[in-house]
Amino acid sequence: MPKIHLLNSRLANQIAAGEVVERPASVVKEALENSLDAGATRIEIDVEAGGAKLIRIRDNGSGIAAEDMSLALARHATSKIASLEDLERVSSLGFRGEALASIGSVSRLTLTSNAHEQGSEGSSAACEGREMEVQLRPAPHPRGTTLEVRDLFFNTPARRKFLRTEKTEFDHLEEVVKRLALSRFDVAFTLRHNGKVIHNLNAASVQAESRRRVAAICGPAFIEQTIAIDAEAPPYRLSGWVGLPTFSRSQGDLQYFFVNGRVIRDRLIAHAVKQAYRDVLYHGRHPAFVLYLELDPAQVDVNVHPTKHEVRFRDGRAVHNFIFSALHRALAEVRPGHAAAQQDVAATHLLATGDGMAIDTATGEIRSQSTLAWGAPAADRGRSLQVLGRPQAQGPRRGTRRRSRRSRRPGH
Ligand SMILES: Nc1ncnc2c1ncn2[C@@H]1O[C@H](COP(=O)(O)OP(=O)(O)O)[C@@H](O)[C@H]1O
Ligand SMILES: [Mg+2]
């Protein structure tokens, strides 16, 4: 009796799903990437119970032809690459051809799509985690695709147990939507949870609209306390926004870095950014940033991680140096004489309530006067002033005076 046998397709897919589908947020990531790869300009995301019960993603992209529908759900089936050369220059977000097959093996999945202009055409494919045999039937659908994923991990109870509370799962899922929304300003996104609209982001084409989107995602205080970056040293270009040193955070939770439109986490890049901020940030504080690095796709390998969160640069040292010097220069430029501008930014947010307290109009937070000036926690105030080359003792006094003057003005 031979001991070696081929895995059946469901089990093979479930093993792959272990890498690709960790939680509802992973499903949303894969589905949104497919919608973006299909050229969608509007994507609607409906979620129930943190995504564990239902995830429905509807796009107006190119759609899938009826004859391709069952293949779309098969493993190692993709329309995006056909050769090793394609892989080496891949510019689509997906290319491994395993997401839908993996998701389908651990959920009740329905894919409905139409590649034609006529809404009466279209077809739908359903699979229920079983042997992956796909049920195909005609289904009217406007041009584009709807992916519906119900009861994630219903047939893999061990993995279902790993799901956290509805809120935690939704937070992860929302984070995925935020990242992709920051990567594609030209696409409109709507996110609803249990019927409630959480984000409604219109497509943004001009700078003011982009800033509005960043404010909606990162908070209005961030966009008002940032430096716009746009640096180029061929073959690299870096653009986006970095927080002023006064807008530092206690955690690295407002850090978005995109390489050729793909959000990534990378030690080398994290190090370059950290170094650039080294002289202007307190130990233990984290910078906030939304940055976009663009380079020739051949200079970066995106196929080093199943969910493609990590990349490998051909010339890591050059990338590091470029990012470090672009940011270091930008941060140095705002140092001298920028204190006044920062005060103004901070002051516009602070509304004194007359009882020694004030409301931060950007965050809605109520704080005592003693923690107010400069839009930074009291402990950081002196430090940011030092950074700006001012005597430490002057800072709070100046800040307070300025604020109380403002608060006497009508309407403040
Ligand atoms: N929203 C969509 N719009 C158009 N085509 C889609 C969509 N989702 C999936 N597809 C098609 O199904 C194929 C398989 O998708 P997937 O399993 O995610 O693999 P990959 O994205 O790696 O190619 C894709 O290559 C694409 O042709
Ligand atoms: Mg995909």
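What share of the contacts in the protein with a separation of 6 or more comes from residues 24 or more positions apart? Such residues account for 65% of those contacts, where two residues are in contact if their C-beta atoms, placed from the backbone, lie within 7 Å. The model is a predicted one, in which local features need pLDDT of at least 70 and side-chain atom pairs count only at pLDDT 80 or more, while totals for chains, interfaces and linings use all residues. Residues are numbered from 1 along each chain as its sequence is written, and chains are lettered from A and ligands numbered from 1 in the order in which they are written.

## Overall make-up

The protein holds 14 helices and 18 strands; helices (H or I, at least four residues) and strands (E, at least two) are DSSP runs, numbered from the N terminus. Of its 412 residues, 38% are buried. A residue is called buried if 20 or more other C-beta atoms lie within 10 Å of its own, exposed if 12 or fewer do, and partly exposed in between, with C-beta atoms placed from the backbone.

Helix H11 covers residues 316-334, and its 19 residues should span 27 Å at 1.5 Å a residue, which agrees with the 28 Å between its end C-alpha atoms; the expected span of a helix is 1.5 Å times one less than its number of residues. In H11 the residues Val319, Phe322, Ile323, Ala326, Leu327 and Leu331 are buried. They lie on the same side of H11 because they cover an arc of only 145° around the axis, the arc being that of the directions from the helix axis to the C-beta atoms. An α-helix has 3.6 residues a turn, so residues three or four places apart point the same way.

The buried residues of H11 are covered by elements that include strand E9 (226-233), strand E10 (236-243), helix H10 (267-277), strand E13 (289-294) and strand E15 (312-313). The face turned away from the buried side carries the exposed residues Arg317, Arg329, Ala332 and Glu333. Arg317 counts as exposed because it has 9 C-beta neighbours inside 10 Å, and its C-alpha atom is separated by 8.5 Å from that of Leu268, 49 residues apart along the chain.

## The five-stranded sheet

Strands E9, E10 and E13 also belong to an open sheet of 5 strands, with the order E9-E10-E13-E11-E12 and mixed pairing; two strands pair if DSSP finds at least two bridges between them. The edge strands are E9 and strand E12 (262-263), each of which pairs on one side only.

E9 and E10 run antiparallel and are joined by 8 bridges, and they form a hairpin with 2 residues between them. Thr226 has Gly243 in E10 as its bridge partner, while Glu232 stands opposite Arg237 in E10. On to the next strand, E10 and E13 pair in the antiparallel sense over 6 bridges, and Gly240 has Leu291 in E13 as its bridge partner. The loop between E9 and E10 contains Pro235, and the peptide bond from Pro234 to Pro235 is cis, with omega near 10°.

Helix H2 has 14 residues and reaches 20 Å from its first C-alpha to its last, close to the 20 Å expected at 1.5 Å a residue. Because 13 of the 14 residues of H2 are buried, this helix is largely enclosed by the rest of the structure.

Around ligand 1 there are 23 residues, of which Asn34, Ala38, Thr78, Ser79 and Gly94 come nearest; a residue is near a molecule if its C-beta atom, placed from the backbone, lies within 6 Å of it. The elements that give two or more residues to this shell are helix H2 (24-37) and helix H5 (99-105). The shell divides into 8 nonpolar, 10 polar and 5 charged residues, where Ala, Val, Leu, Ile, Met, Phe, Trp, Tyr, Cys and Pro count as nonpolar, Asp, Glu, Lys and Arg as charged, and the others, Gly among them, as polar.

## Residues with a positive phi

Most residues other than glycine have a negative phi, and most peptide bonds are trans. Just after H2, Gly39 takes a positive phi of about 80°, and two residues other than glycine are set out below.
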